[in-house]
Amino acid sequence: MEPHSFEQDGTEYEVRFERTPEGWIAHIRPEGWTEAHVVAFPEGVGFDRDDVRGSLIAGCEAAVARLPRRPPTRH
């Protein structure tokens, strides 16, 4: 599946999708970060069978609201 980019609250995000036997994995990378957040979308309820990509994009955009806004620090 082709990557997707979107903007939310002034930050650009790039999402790359990976298909697995259990569902989909989304790698959500905020602009300027070298690491990505990984979000799993299991098969089943919540997918529009006619628009799986649209369902995944909507899920990623909703997930971003709960993700940390800063890269993790190492101590």
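The questions and answers below go through the features of this predicted model and the criteria behind their names.

Local features in this predicted model need pLDDT of at least 70 and side-chain atom pairs count only at pLDDT 80 or more, while totals for chains, interfaces and linings use all residues. Residues are numbered from 1 along each chain as its sequence is written, and side-chain values use heavy atoms, with hydrogens and water left out.

Q: What makes the pattern of this protein β-β-β-β-α?
A: The protein has one helix and four strands, where helices (H or I, at least four residues) and strands (E, at least two) are DSSP runs numbered from the N terminus. Reading these elements along the sequence gives the pattern β-β-β-β-α.

Q: Why are S1 and S4 called edge strands?
A: The four strands form an open, antiparallel sheet in the order S1-S2-S3-S4. Both S1 and S4 pair on one side only, and that makes them the edge strands. From one strand to the next the twist averages 30°, an angle that runs from 0 to 180 degrees between N-to-C directions, with axes fitted to C-alpha atoms (for helices, over the stretch in contact).

Q: Where does H1 lie relative to the strands?
A: H1 lies across S1, S2, S3 and S4 and runs at about 35° to S1.

Q: Why is the pair of Phe6 and Tyr13 called stacked?
A: Rings of Phe, Tyr and Trp (its six-membered ring) pair if their centres lie within 6.5 Å, and planes under 30 degrees apart count as stacked, over 60 as edge-to-face and the rest as tilted. The ring centres of Phe6 and Tyr13 are 5.3 Å apart and their planes stand at 20°, so the pair is stacked. The structure holds one aromatic pair, and in the strand pairing Phe6 stands opposite Tyr13 in S2.

Q: Are Phe6 and Tyr13 buried or exposed?
A: Phe6 and Tyr13 are both buried, a word that means under 20% relative accessible area, whereas exposed means over 50% and partly exposed lies in between (1.4 Å probe, protein chains only). Of the 75 residues of the protein, 33% count as buried.

Q: How do you know that Glu14 and Arg16 form a salt bridge?
A: A salt bridge is a side-chain nitrogen of Lys or Arg within 4 Å of a carboxyl oxygen of Asp or Glu. The closest N and O atoms of Glu14 and Arg16 are 3.6 Å apart, so the pair falls within the 4 Å limit. The structure holds three salt bridges.

Q: Why is Glu14 called partly exposed?
A: The relative accessible area of Glu14 is 23%, so it falls between the limits for buried and exposed. Arg16, at 45% relative accessibility, also counts as partly exposed.

Q: Which parts of the chain does the pair of Arg29 and Glu14 link?
A: The side chains of Arg29 and Glu14 meet in a salt bridge at 3.7 Å, N to O. This pair links distant parts of the chain, with Arg29 in strand S3 (residues 23–30) and Glu14 in strand S2 (residues 11–20), 15 residues apart.

Q: What makes the pair of Arg19 and Glu43 a tie between separate parts of the sequence?
A: The side chains of Arg19 and Glu43 meet in a salt bridge at 2.5 Å, N to O. Arg19 lies in strand S2 and Glu43 in the loop between strand S4 (37–42) and helix H1 (52–64), so the pair ties together parts that are 24 residues apart in sequence.

Q: What joins Glu14, Arg16 and Arg29 into one network?
A: Salt bridges that share partners join Glu14, Arg16 and Arg29.

Key:
Two strands pair if DSSP finds at least two bridges between them. Contact means heavy atoms within 4.5 Å.
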